[in-house]
Each structure stands twice: as C-alpha cells, then as structure tokens.
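User: Please take a close look at the aromatic ring pairs in this model. I would like the geometry of the pairs and the surroundings of their residues set out in one connected account.

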Amino acid sequence: MSSESKGILASLKRLLTYLTQYKLRFALMILIMLGYSIVLAIIPTISGIIMNILSTKGSFTEFSNIILILLATVILFWILGNMSQRILAGIAQKALYNLRTELFSKIQKYSLSFFDKQPIGELMSNVTNDLDVVDQFLSVSFMNVLQGFITIIIATIFMILINPYFTILTYITIFAMLIISGFLARISGSAFELLQNQMAELNGYAEERITGQKTVVASNQQYSFMEEFDKLSQKVDKTGEKAQIFSLANTAIATVFSNLQNIVIFVVGGFLVIQHQAAFGDVVAFIGFSSVLMNPLNQIFAFYNQIISATVGASRVFSIIDGKPDILDKKDAPPIPEIEGNVEFLDVDFSYVPGHKVLKNNNFTAKPGQIIGLCGPTGAGKSTIMNILTRYYDLDSGEIKVDDSKIDEIQQDTLRIQIAQVLQEPFLFTDTIMNNLKYARKGATDEDCIQAAKQANAHDFIMDHPQGYDTVLRNGGADLSQGQQQMLTIARAMVAYPRMLILDEATSNVDTRTEKLIQEGLFKLQEGKTSFIIAHRLSTIQNADQILVINDGEIIERGTHQELLDMKGFYYNLYMSQFRGKNS
C-alpha cells in the first residue's frame, strides 16, 4: 500500500472516531441497520415464496398470509430506514460540531507566525469548503456506504441458504464489475483529490482578492486578476471534467452488469427450472437479490469519490489541528503579576526568517509611566520591537524583561491581557458598538464602555446614530469615518484597563481636527502607563520621555526630542526633512 493510500486510510479512520465517540447511539444505529438489511433480504425471499405458491397452485390462505407478511415487512423496512437516518443525522451533526469547534479553537491558539505563512484564503477554505465535504461524508456518504456493506453481507447469507449455485453465478458478474469499477475508481479518486486541492487554491485566490478589492480597483488590476482567476478556474474545470467522466463511467458499467446479471440468472435459472433442478421461485428471488446487491454496490462506487474528497479535506483540517504554535509557554510557567511598567531589552536579536536578522543587539530601558517613542525609516524594525515585547514571536538571542519577569518564562496570555494596542488600521467586528467595546475586557459593564467612549471623544458621534451604542457595525465599521473608527479602538483600549500601551501610527490616517480629538483621548489613555509610540510623523513623539531612533534593525540614537536635535544626527535629518523640507 502506498504512503498516499495509508494517509487516506488514517484520515478516514480518524474522521470516524468523531462518530464512534457516541458509542451507545452508534451501536443502536448499527443494530437498526442490521435489522434494515435483514428485512431488505427477506423481501426477495418472500417474492420467491409467492412465486412458488403460484407455480405449484398453492391455497388462497397460503397466498393471503404471505402477502400480509410482505406488507408488514415493507412497513418495518420503512420504519428501520427512517430510524437509522435520524440517529445518524444527530450523531453526524454532533461530530461535525466537535470537529469545527476543535479546528476554530486551534486556529485561535496559533502564534502570529502561523498566519504569516498560511494564506488567509486557504485557511478560510479549510474552515468552509473542507468542512462542507466532511459534513457531506458524515451525514450522507458514510451511512449509505456502511448500510451498503451490511446489506451485501446479509443478502449473501440469505442467497447461500436459498441456492449456493445461483449465489456463485451472481457473484461471477459482480466480481467482473468490481475489477473494472475498481480500476476506474482509482483514476477518478486521484482526479477528485487533485480537484479538492485545486479548489482550495482557487478559493484562496478569490478570497484574498475580494478582501483586498479596494486595492485591486485602485491599482487597476481587475482584468489581470480576472485572467489569473480564469486560468485557475480552467484547471479546476478540466480536472473536474476528468473526475466526473470516470465517476459516471462507473455508474454506466454498474447498470450494464446489473442487466447482464439478470440475463444470466434468467437464462441459467430458466434452464434449471425446465430441467426440474431449481424452483421457479428461486429464480425470481435471485432476480430480487440482484437488485439488493447492485444498489449498495452502485452506492459504494458512487460515494467513493465523495469519500476521497472528504478524507483529503479532513487531512488538511487535521494538519491544522495537529500543528503546534511556535510560541509556547514553558511547563509550569507562572502568570505575570500586575505590571508596574518597567521594560528592559538586553542584547536582543531577532529574525523572522533564520539567517536574516531584523533586529540586532538592541538595548533599552523604559521606566513605569514613561512615554517611549520609536521612529525610523519604513522597515527599520519599529513594529517588530513591539511584536517581540508582546511575545508574538520569540527571540533569537538576548532577553526581554517586564518588571522582574523574563517574558519567555511567564504565561504569555497574562502578559498580553495587560497591554493594549491601538494600531494604524483600526479593526472593528461586525457587532454592536457596545459589544465592540466590551471585547476588550471580560465583565466590562455598559457604564465602563460609555465612560471610555466619552474619554476617547467617541460618545457624541455614537449618540448621533439612532440606535446609539446598539448600532450594528458592518464590514469593519465601513459606515464610520477613519477617525471615528480609531476613536472606538481607543475607547476599547480604555475599557481594557491596560497597564502598558502600544500606539502604532494611531493618528496617521486622519485630518488635523480629528487628530486633535484622537490625541486628547490618547493622552487620557496614556496617563500612568508605560507607553510605546511608533511614529512616522515626529510631531506625535516630541513630548516622549525617551525617543529610540531605529535604522536597519538597530537603535542608533536615543534621547529626548531636544537632545536628539542637538546631536544633529539621523533624527535631526528626519526632523528637518519633515518640517523644513531640508536634508542635511
């Protein structure tokens, strides 16, 4: 068996554990399926008995009794079929709920580096498309295939008891069909697996472009993206066509062999009946058993490709579930106590990609309540310093201390919950304004949020909406101005009651009047907290207690605004280029 086949079987086996964990209900379903198959096998047996009664001119009483038994059997057949479907539907949805929850929970635990490597479109394909095909398998395919196997076993037992020779005759055509169908199924299975991967690539591409549609339009790239999407769609179309052709060929072959089987039974059986070596009822019964066998076989082959798609999707889901976050707490790491705000960087080196250092030999100290400004060219490493302070990534070497605790020796969540961040691009959830503010802290009250909104100068524009704080924001707050969105994120940071604060170009995208309102809110937010301000506009950090000038991953200058101007170095040149249009 190839490693690919082993992987598919392993994923299928693991997927089924989500069903079998409900042992009692699963066992009951198997018993009902067993009863269903027995009843199904009884029906052609009764048909054969009826034909024997008619051909031997049996009594009316015998005939009427067997008809009543047949009616009762059909009713029981219908009841058992519905019961097994209902039970499986319940188990399947619980299994899918557990899988979906496990996947989403694991995604929440991943480090930021995971999202750097994993395209959001492909990740969305895992959460939606892959789970959809798994849902189809658990809800539909599995039951039909399992019921098919049970039916084949039970029907074969009945057939052997009635006439072993007819059973052998029946299985000769079945084996011939299985050989041809198995060959076609292998080809279509590979095609469906490739189709699933190509669909993930296509959906990922579409997701990313739709999310960035504003950039697409602004760059006038609609047509080039349409062409690329068309190329990917054509690949999906060709692969899907190939998969469907071989899948439909299986259905056609099954139909041909089903008719061939009936012809063989009629011819051979008829000859034996004429020779008085078999009963006419046996021939009729085996014509019925032919359908009983062929229907589940057809279903098994029909669902084979769906099973392959489900296991491929499941394997991608499991690869995410089984992955480990890059940033892990040490065993028995304690929570960090309430932060006072002392921060120390000691010989810190860091790289996103091994061998390509982004930060080199960085040292600085921030004391409780101080405002620390970070400035420098784009890509110098300003935001990276904040990313490693919050331990979104681990260091190459050196250490970072918050108060007396090394950040890699304490529980990372207890550190981050005490640090609020206001970023250049505000992010708001599709929810009410009140709930967006409450996301900052579990247990926050309406009063806490309203007070924070007033301090952030957001209360007035919130109340201008007819629903006030119950206004539902959609598409990241697209119906608000950039400044209003930022005021809400500042209010949200206030609700968090942070001990430290990170501001990343929080006022860079707003007009002067709005910037003044935002700055007023930020000053209130910064009171008594160690604050780090990342700035391209140097006016936002002129009052900082210490400014760190960063270039090419190193802190090359430090001091107050005036001290740095007096140095007439890198900071001085930045300042002159911004405020006087000079370079020196």
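Analyst: Both Phe26 and Phe142 are buried, where buried means under 20% relative accessible area with a 1.4 Å probe, protein chains only. The model is predicted, so that local features need pLDDT of at least 70 and side-chain atom pairs count only at pLDDT 80 or more, while totals for chains, interfaces and linings use all residues. Residues are numbered from 1 along each chain as its sequence is written, and side-chain values use heavy atoms, with hydrogens and water left out.

A pair of aromatic rings is described by the distance of the centres and the angle of the planes. Rings of Phe, Tyr and Trp (its six-membered ring) pair if their centres lie within 6.5 Å, and planes under 30 degrees apart count as stacked. By this rule there are eleven aromatic pairs.

In one of them, the centres of Tyr18 and Phe318 lie 6.1 Å apart with the planes at 15 degrees, so this pair is stacked. Tyr18 belongs to helix α1 (residues 3–20) and Phe318 to helix α9 (residues 280–322), so the pair links distant parts of the chain, 300 residues apart; helices are DSSP runs (H or I, at least four residues), numbered from the N terminus. Tyr18 and Phe318 are both buried.

The rings of Phe26 and Phe142 are also stacked, because their centres are 6.3 Å apart and their planes meet at 25 degrees. Here helix α2 (residues 23–55) contributes Phe26 and helix α5 (residues 120–162) contributes Phe142, 116 residues apart. Ring pairs join Phe26, Phe137 and Phe142 into a cluster.

Methods: Phe/Tyr/Trp six-rings, centres within 6.5 Å; stacked < 30°, edge-to-face > 60°. Helix = DSSP H or I, 4+ residues; strand = E, 2+ residues; numbered from the N terminus. Buried < 20%, exposed > 50% of the residue type's maximum accessible area, 1.4 Å probe, protein only.
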